[in-house]
Structure formats: structure tokens, C-alpha cells
Amino acid sequence: MGDVLIVGAGISRFGRTEHTTGREHAGYAVRSALADAGIPWSRVGAAFGGSDAAGLADTLVAELGLTGVPFVNVKNGCATGGSALVSAVNAIRAGMADVVLAVGFDKHPRGAFDPLPADWGLAEAYGRDGLMVTTQFFGMKIQRYMHDHGISARTLALVAEKAYRNGSRNPQAWRRTPVSAAEILASGLVSDPLTRYMFCSPGEGAAAVVLCSPEAARALRGVPVTLRAAVVRSRRFGSFEVFSPWVAAGELTSVSRDAAAAAFEAAGVAPADVDVCQLQDTESGAEVMHLAECGFCADGEQEKLIADGATEIGGALPVNTDGGCIANGEPIGASGLRQVYEVVQQLRGHATGRQVPGGPRVGFTHVYGAPGVSACAVLSR
């Protein structure tokens with residue numbers, strides 16, 4: 001299980017544009033990542049990528065170059081980008097290629113996602129009862145968590161306030177206007193206790209990374225970041241997840257806990273070693289719960305951590321320094337690799353305007369999606 005290095009990272013603007021396709025976002029991100037690594041497309045020995053709604057990733061070769069590269073499509077919900085990363089790592093470790101690309105992209109229309117129950121192995125009645133509405137699930141899950149662990153609505157607002165503030169410092173973010181906690185609380189309930197400004201929005205964008213073996217890195221100019229671990233896990237019995245038709249009796253399991261624990265074990269580091277992290281924040285409650293599920297605190301400790309500023313850029317554990325999903329929106333295929341891109345910039349010291357002070361050395365990324373899948377990565381310099 002040798003080291004794998006990230007030597008190139010690229011990203012497009014996130015948000016919503018009228019005349020830019022998802023494929024064009026992807027092409028821009030890939031070319032940026034290749035330029036960052038200092039290599040031509042022809043040097044890439046394998047590629048993995050995907051989107052949920054913007055087309056097949058392998059068809060990007062029509063614009064990038066018809067080199068015959070093996071290009072595998074990945075589709076794994078919000079964990080698509082993280083799953084492409086895992087695939088790229090495994091390709092290098094298996095000897096398939098010494099330079100591999102991972103790319104994720106998407107372009108969603110306005111409005112909430114409208115998944116079909118049958119596509120998720122569920123009866124049509126599940127949709128007729130309104131349970132395919134993801135905002136409803138997120139509201140139910142965080143409401144239960146708040147009751148059990150003493151989390152206040154103000155804490156949810158502070159998470160979103162931080163996201164918009166960090167997004168204002170990120171030139172690639174969609175939402176770049178700071179919003180106060182008071183405005184967030186007053187923005188209107190969507191699914192109690194979550195208000196309008198606590199949610200991310202479907203959007204568009206792309207991110208890509210170039211990975212390679214240590215031997216290949218010696219001939220490349222990109223500033224390397226070591227990918228210590230990359231894992232993906234699906235839900236176990238007893239997991240309360242998006243599009244889960246029932247909750248088992250007894251103690252709940254968590255796919256995010258499983259994925260994070262596996263990533264830390266594989267990397268040989270602990271959550272306490274992390275200097276900067278990205279946690280899936282589909283809405284404010286998700287970031288709160290994922291802080292504990294990924295091992296950064298005990299359940300219920302988030303109230304004080306967030307109030308004390310621990311998750312701010314200058315805090316003890318900076319979280320979602322680029323604004324996360326709340327400020328960037330969620331192009332499903334791109335989110336996981338956007339997280340990796342941000343941590344790479346932080347570890348390199350290149351996150352201008354939002355750089356974590358003190359020279360962070362270890363970073364962590366976590367993405368979560370339906371129907372209960374999580375991908376996590378540990379990076380270091």
C-alpha cells in the first residue's frame with residue numbers, strides 16, 4: 001500500500017451559469033489540474049470520473065485528446081468525486097498506471113433534486129408520502145440529534161454564517177456575500193429546524209486532481225501532497241440515512257463513522273492530528289453531526305466548539321474553509337473533489353485570502369450521500 005501523491009489540482013467556478021455546460025466546467029478543471037502538474041493529457045495513463053446529471057465523464061476525451069486512455073465512469077451519488085479518487089488511488093497501487101486523473105462535475109437545473117423511488121430500490125408510495133424530499137430527511141435527522149445532544153438552532157445558524165463568510169473569501173465560490181446568524185435564523189423554515197439559508201443549493205461546477213506514484217512525481221513539477229488514505233463505505237444495518245425506508249431498533253450505526261475511522265486507520269493518524277478539514281454540509285445540521293461522526297468531538301460538544309470559534313479559519317480545527325456546500329452549492333459529481341482541491345491548496349499554503357495560519361500539515365475530507373455512502377480521505381505534506 002505505497003504512497004500516492006497529488007501533483008495537480010484544478011477547479012472551475014461553482015454556481016450557476018447560462019451558457020457553460022457541465023462538460024465545459026469539467027474540461028476547464030482537468031486542464032487546470034494538468035497545468036498545475038506540468039504535464040500534457042497524453043501523460044495520463046488512466047482516468048476515473050463522473051457526474052450525476054451532466055453526461056458521461058469518459059466522453060471528455062473528445063475535447064481532451066483521443067489518446068486511448070482507459071477512462072472509467074463513476075456514479076455514486078454525492079460520493080461520486082470521492083469514489084473516483086479511491087478508484088484512481090487503487091489504479092496506481094495496482095500498477096495500472098503511474099499517472100492517473102480523477103474528475104467530478106455536474107450541472108443541475110434550478111429547484112430541489114427530484115429522485116425517483118424506483119431508482120433507489122423503493123416503492124412508489126415512498127415518494128407519494130413525500131419521503132424522497134431530502135430537506136425533510138435532513139430536518140428530521142438533525143431535530144432528533146438536537147434533542148438528544150443539546151444542540152441549539154443558533155448553533156445551526158453559526159455554521160451557515162461561517163460558510164458564507166468563508167465563501168466570501170473564495171473566488172471560486174457561488175455564494176460570496178456574508179450573511180449574519182440573525183438573518184439565517186429569520187430566512188424562513190424549510191424543514192424544522194432548518195431555515196432557507198442553512199441549506200446548500202443544486203448548482204454546477206467541476207474539480208479534478210492528478211495523482212501519481214512517488215517515482216513518477218520526481219519528473220513532474222507539481223508541488224506534491226501525499227494522499228495518506230482514501231476510502232469509501234456503504235451503510236450497515238441500523239443506519240439512518242437518506243432514502244432509508246425505516247429505522248432499526250437499537251443503537252444506530254453511521255456510514256460516516258465507518259468511513260472516517262477506516263481512513264484514519266489506513267493513514268496512521270488520529271482526528272487530533274488534523275489541521276484543516278472538509279465535512280459534507282448539505283445543510284448546517286450535517287456539519288454539526290459529521291464533526292462527531294468523523295471523530296473530531298463527542299456528540300454534544302459541537303455547541304461549545306462552534307460558539308468558541310474552534311471551526312473558524314483561525315480556530316483549532318478549521319472546517320470548510322472554502323465555504324463548503326452551503327457557499328459553493330452542490331454539483332453532485334464535483335463536491336468530493338472540490339473538498340480535496342481545497343485541502344491541497346491549504347497544505348501547499350496557496351489558499352490566498354482564506355489560508356489557515358501556522359502551516360497546516362494534515363488535512364481530512366468527508367463526503368456523504370444517498371442512500372448512505374461516505375468517502376473520506378487523509379492528506380499530508
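Reader: Which residue caps the N-terminal end of H9?
Author: This is a predicted model, in which local features need pLDDT of at least 70 and side-chain atom pairs count only at pLDDT 80 or more, while totals for chains, interfaces and linings use all residues. Residues are numbered from 1 along each chain as its sequence is written, and side-chain values use heavy atoms, with hydrogens and water left out. Helices (H or I, at least four residues) and strands (E, at least two) are DSSP runs numbered from the N terminus, and a polar contact is a pair of N or O atoms within 3.5 Å, one able to donate a hydrogen and the other to accept it, where residues adjacent in sequence count only if both atoms are side-chain atoms. The backbone nitrogen of Ser256 lies 3.3 Å from a side-chain oxygen of the capping residue, Ser254.

Reader: How far apart are the end C-alpha atoms of H9?
Author: The expected span is 1.5 Å times one less than the number of residues. Helix H9 holds 13 residues (255–267), so it should span 18 Å, and this agrees with the distance between its end C-alpha atoms, 18 Å.

Reader: How many residues of E11 are buried?
Author: Buried means under 20% relative accessible area, with a 1.4 Å probe and protein chains only. One side of E11 carries Val373, Ala375, Ala377 and Leu379, and the other carries Ser374, Cys376, Val378 and Ser380. The buried count for E11 is eight of eight.

Reader: In E11, which residue is the bridge partner of Tyr368?
Author: Two strands pair if DSSP finds at least two bridges between them, and eight bridges join the antiparallel E10 and E11. In E11, the partner of Tyr368 is Ser374.

Note on methods
Buried < 20%, exposed > 50% of the residue type's maximum accessible area, 1.4 Å probe, protein only.
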